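Please keep the sequence and the structure in view while reading.

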Amino acid sequence: QTDSLNLPVYDYSDPQEYEIGAISVEGAFFAEQNAIIGVTGLSVGDKIRVPGPDIPRAIKNLWRLRLFTDVAIEQEKVIGDVIFLRLRVEERPRFLRHSYKGVKQGKHEDLNEVINGYIVRGGIVTEDAKVNAAEGVREYFVEKGFLDATVQVEEIVDTSRANSVRLVFDVDKKERVKIKKINFVGAEAVKGKKLRKRMKETSQKGRFLKSSKFRPELYEDDKDAVIAYYNTLGYRDARVLSDSMYRDENGDLVIDINMHEGNQYYFRNITWKGNSIYDEETLSQVLGIEKGDVFNEEELQSRLSFSQDNADVSSLYMDNGYLFFSVDPIEVAIEGDSIDLEMRIFEGPQATIDKVVINGNDRTHEHVIRREVFTRPGQKFSRSDIIRSQRQIIGLGYFNQETLGIDTPVNPDRGTVDIIYTVEEKPSDQLELSAGWGGQSGVIGTLGVTFNNFSLRNLFNKEAWHPLPQGDGQRLSLRAQTNGRFYQSYNASLTEPWLGGKRPTSLTVSAFYNKYDLGTEALPRKLIIQQGSVSFGTRLRWPDDNFVFRSGINLQTLSLDNWSNLFITDSGETVGNGNFNNFSFQFTLARSTATDPIFPKQGSNIELTVKLTPPYRNLGLRSDDPEDLADVEERFRYLEYHKWRLNADWYTPLVGKFVLKTQAKIGFLGAYDDAVGVAPFERFQLGGDGINNQQFSFAGVDIVSLRGYEIEELENNINPLTGANGATPIFSKYTMELRYPLSLNPSSTIFVLAFAQAGNAWRNGRDFNPFDLKRSAGFGARVFLPMFGTLGFDWGVGFDKDAETSENGNLSTFNIILGFEPE
Amino acid sequence: EFESVRTSGDPALWLAKAGDYYEQGEYQRAQTLYELTIGPYRGKAEAEEIAYRYAYTYYYTRQYVLASYYFKNFATTYGGSPLKEEADFMAAYSNYELSPVYRLDQSYSVKAIEGFEEFANRYPNSERVSEANLLIDEMRAKMEKKDFESAKLYVDLSRFESAQRSFENVLKDYPETARAEEIRFLMAKSQYEYARQSYVTRQQERFEKAVDLTNSFLERYDTSEYRDELQDILTKSQAKLKELENVRYQSTGSRP
């Protein structure tokens with residue numbers, strides 16, 4: 001650069017080819033010459049073109065080392081077609097490290113990030129980089145509200161290594177500057193208070209939960225927000241004329257914003273042009289803007305294209321595949337404060353889906369996703385199909401809801417569109433390892449795993465084990481539970497959601513084994529229940545596709561050895577010994593529209609289940625001999641019953657965030673043959689917290705809570721002959737629950753509730769009286785934590801209890817909920 | 001020992017030990033030490049080997065995303081290096097290592113193919129080109145299988161129109177496919193199923209297409225194992241078309 005007068009002149013239209021004769025390096029004292037030459041990519045003997053791409057590339061490579069303040073490649077001399085090159089570089093000391101003065105340790109990491117943007121360790125330090133880094137640090141503090149912060153940089157030669165320096169950033173943050181007042185001058189149509197509210201990030205001192213620091217960039221955004229607010233009120237000419245900031249006597253900041261409001265405008269006539277598919281009336285109705293409404297650009301755009309509920313004009317077209325649709329509102333006349341609009345529409349052709357692409361699935365096999373997707377090649381594009389597909393994909397539970405991407409690149413020449421779903425896998429497996437307090441049973445340890453995305457076919461494929469074979473969308477769950485002393489339980493189940501791969505018919509195979517052994521060697525007391533079951537579930541297309549039908553077979557055996565008197569027949573015989581076979585078919589018809597499992601706001605879940613055993617005696621398979629019937633064990637060796645359950649929940653949003661839950665639960669257990677009577681198992685036990693024994697699931701009875709009443713406070717639960725608590729063949733329960741959410745954060749959902757409940761249990765059909773109900777009311781709270789499930793309590797008062805028979809004459813009960821909501 | 005080397009602050013020792021670890025196959029430790037030496041050896045003769053081996057430590061520890069990045073980085077930084085060709089190849093090969101089974105996302109296959117193609121263009125005389133081409137073929141075959149299987153899934157789901165279009169795309173995107181015969185057979189067969197399950201009003205048009213697809217298959221493949229099945233479909237389709245023709249004749253004839 002020194003000999004600017006003698007710069008060689010190259011003719012760019014006529015590049016020459018040279019062979020490199022030699023390369024010399026000038027100005028490198030610390031960097032090694034050969035290394036520098038190596039980086040350029042040039043070497044002796046190479047053929048290069050001058051002018052050509054080689055020299056600029058070499059220069060670029062040298063710059064990238066960030067070791068030099070100047071880089072030049074010069075032609076030393078040319079002999080024939082051999083060129084001699086000289087690399088001239090200017091070195092600077094290298095930056096070794098930096099430190100801070102006047103900054104707390106906690107901020108160092110943030111600041112290092114700022115500084116690394118300007119200076120690289122091992123690279124050189126220029127004046128420029130130093131100043132920029134210092135400014136970066138200062139801006140960091142200004143962003144935090146320290147408007148007066150100053151930063152000095154000191155360069156110190158570091159003796160620990162040759163040719164190195166270190167930098168010291170000396171920061172003086174000064175006092176944090178707070179905003180005392182924001183004044184709007186000239187704002188008459190709108191109150192200053194309302195405008196200040198629009199300034200989300202810039203607020204006066206003293207506003208609740210708002211910081212009053214001043215951040216310049218956000219302040220600019222906030223001014224725009226004020227204007228945007230004016231625009232929504234029809235003041236389309238509103239603007240900030242000027243703004244000024246000054247400090248008051250305490251050093252606090254005062255902001256004056258000078259507003260020009262302008263006139264308020266109104267919509268007048270809106271006409272449509274270019275529409276052939278929908279008529280003007282339909283379009284106007286969808287637009288929903290009337291003559292005389294305040295002119296609001298934001299509202300107009302939203303009604304045309306961006307409405308939250310997808311009921312805008314664009315959606316009308318897009319949903320039907322008119323992807324090339326566009327609408328342009330033109331202001332054809334402005335008279336006084338009235339604006340006439342002409343909507344110019346381009347409809348274009350209907351787009352056909354060409355390819356449906358799924359990206360990002362690095363665990364889940366593609367067919368598991370593709371079969372759920374409603375947008376398919378060859379169909380017309382429809383936005384509602386995309387939204388539905390999105391819901392289906394999220395519903396699989398394998399992907400991050402926040403990052404699910406949907407792209408629709410169009411090909412206008414072919415009139416087609418591709419649909420690209422980009423998913424991000426999230427962990428979907430659950431490990432349950434817990435020790436819980438189970439009342440009288442002591443500490444219960446649980447070890448359970450659920451793999452929600454299992455792949456059975458890869459079970460024997462070693463390469464697919466990372467750490468488990470996964471990706472086929474099958475669900476495998478294994479669980480073991482014990483309290484070490486008298487209780488053991490083992491569960492296993494496997495579900496394939498698309499049996500055969502052609503229809504969404506699920507197959508579930510499951511088994512469990514439960515053992516309670518409370519007795520001693522001398523006096524055994526034992527109950528063992530084991531069950532294997534197979535069930536199919538299928539989504540119905542009729543009456544609508546929210547219906548699900550499930551059917552299954554359960555093979556269960558119960559063996560009792562001197563077991564307690566929980567199981568009692570109608571005639572009062574206690575069933576405490578023997579082996580019983582419970583073979584049943586089960587059919588469930590369910591309709592579910594309340595999708596949120598934790599705090600549903602609307603929709604309903606209705607489920608009707610019938611469980612049937614074969615009517616052995618009617619089929620002549622079992623003996624009707626009175627002698628056999630007299631023996632309880634022989635009579636029930638093969639259980640005969642038909643059992644009906646109806647569960648229905650409705651969720652209705654009320655004012656504000658209040659949600660009303662209405663629920664009905666009815667259960668009925670019947671016998672085929674009066675001579676046999678109703679089976680002692682499979683009955684219901686209504687009352688109490690519904691948790692009693694439910695830690696031990698599958699205990700031979702269905703336990704249903706009734707808030708406000710203990711089990712023994714319902715007279716039908718008490719066997720008149722033995723006086724012990726039993727279970728009944730019939731119950732019904734009705735609940736109204738008013739719920740209010742305190743937090744809907746998925747990591748901790750909290751809500752409070754008030755309930756009114758009525759229910760009763762009956763010992764047989766003849767006594768059944770739907771109006772003879774035990775009423776109660778109370779309140780409670782729930783907290784849902786993903787790790788622990790539902791925790792909470794209910795406090796209820798039973799109105800229909802006999803104060804004398806109740807415990808201490810106390811009419812209320814207090815229930816604690818641990819882990820899950822009881823039935 | 002490793003810890004004391006790491007905290008020694010002595011670049012020469014780091015480099016020496018990193019070399020030892022590297023040669024012993026302890027790539028994780030080598031990586032840590034090489035990373036420390038990058039700064040101090042910037043612009044020195046050793047920097048090239050450091051960068052080269054640093055990239056390999058990622059490759060050997062199966063961190064292929066980073067390996068690919070550092071190989072690429074090496075190749076652009078050391079343009080004159082004799083190792084550049086190898087690094088360019090390895091950058092693509094690392095992506096090849098990431099290419100999963102056909103049931104999963106094939107982004108890395110696409111990246112690897114791009115990388116190998118670029119390699120073959122840049123070093124047409126390299127002895128690695130034939131390997132690159134083999135690997136490209138392998139990954140294209142995988143992507144083809146993926147698209148083929150997704151088209152077949154639509155057949156399974158009885159979404160014949162979607163299957164038809166997807167099969168067409170496979171033939172278009174993979175002209176080299178060895179499955180052309182099977183695909184054309186499945187197209188003809190699923191078009192027949194489609195027509196059979198359609199409303200009467202749409203059947204004529206759909207059976208006609210089935211006949212077209214079947215005929216063109218039979219012309220194209222003289223000795224196909226699918227011939228008998230398609231012959232059968234052809235006969236049935238033609239019979240059905242005749243039947244539809246009669247129905248229409250009668251219904252038009254009955255009009256005044």
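In chain B, the axes of helix α10 (residues 180-196) and helix α11 (residues 200-220) come within 8 Å and cross at roughly 160 degrees. Because of this angle, α10(B) is roughly antiparallel to α11(B). Angles under 35 degrees count as roughly parallel, over 145 as roughly antiparallel, 65 to 115 as roughly perpendicular and the rest as oblique. Axes are lines fitted to C-alpha atoms, for helices over the stretch in contact, with angles running from 0 to 180 degrees between N-to-C directions. Helices (H or I, at least four residues) and strands (E, at least two) are DSSP runs, numbered from the N terminus.

The model is predicted: local features need pLDDT of at least 70, side-chain atom pairs count only at pLDDT 80 or more, and totals for chains, interfaces and linings use all residues. Residues are numbered from 1 along each chain as its sequence is written, chains are lettered from A and ligands numbered from 1 in the order in which they are written, and side-chain values use heavy atoms, with hydrogens and water left out.

The crossing of α10(B) and α11(B) is left-handed, a term used if the near helix is turned anticlockwise from the far one by less than a right angle (right-handed if clockwise). Residues in contact have heavy atoms within 4.5 Å. Among them are Phe185(B) and Tyr192(B) on the α10(B) side, and Phe207(B) and Leu213(B) on the α11(B) side. By class, this contact of α10(B) with α11(B) has 10 nonpolar, three polar and six charged residues. Here Ala, Val, Leu, Ile, Met, Phe, Trp, Tyr, Cys and Pro count as nonpolar, Asp, Glu, Lys and Arg as charged, and the others, Gly among them, as polar.

Helix α6 (residues 84-98) of chain B packs against two other helices. With helix α7 (residues 107-122) of chain B, the angle is about 160 degrees and the axes are 7 Å apart; α6(B) and α7(B) are therefore roughly antiparallel. Their crossing is left-handed. By class, the contact of α6(B) with α7(B) has nine nonpolar, two polar and five charged residues.

With helix α8 (residues 129-156) of chain B, α6(B) packs at about 25 degrees, the axes lying 12 Å apart. The angle is why α6(B) is roughly parallel to α8(B). Phe89(B), Tyr93(B) and Tyr96(B) of α6(B) make this contact with Glu131(B), Ala132(B), Leu135(B), Glu138(B) and Met139(B) of α8(B).

The two chains also meet each other. Chain A and chain B bury about 3000 Å² between them, 48% of it on carbon and sulfur atoms; buried area is the accessible area (1.4 Å probe) that two parts lose on being put together, summed over both. In chain A, Arg370(A), Arg376(A) and Pro377(A) lose the most area to chain B, together 16% of what that side buries. Three salt bridges span the interface, each with a side-chain nitrogen of Lys or Arg within 4 Å of a carboxyl oxygen of Asp or Glu. The side chains of Glu366(A) and Lys146(B) form a salt bridge at 2.8 Å, N to O.

Within chain A, Glu155(A) and Lys130(A) form a salt bridge at 2.7 Å, N to O. Elsewhere, a cis peptide bond joins Val50(A) and Pro51(A), with omega about -10 degrees.
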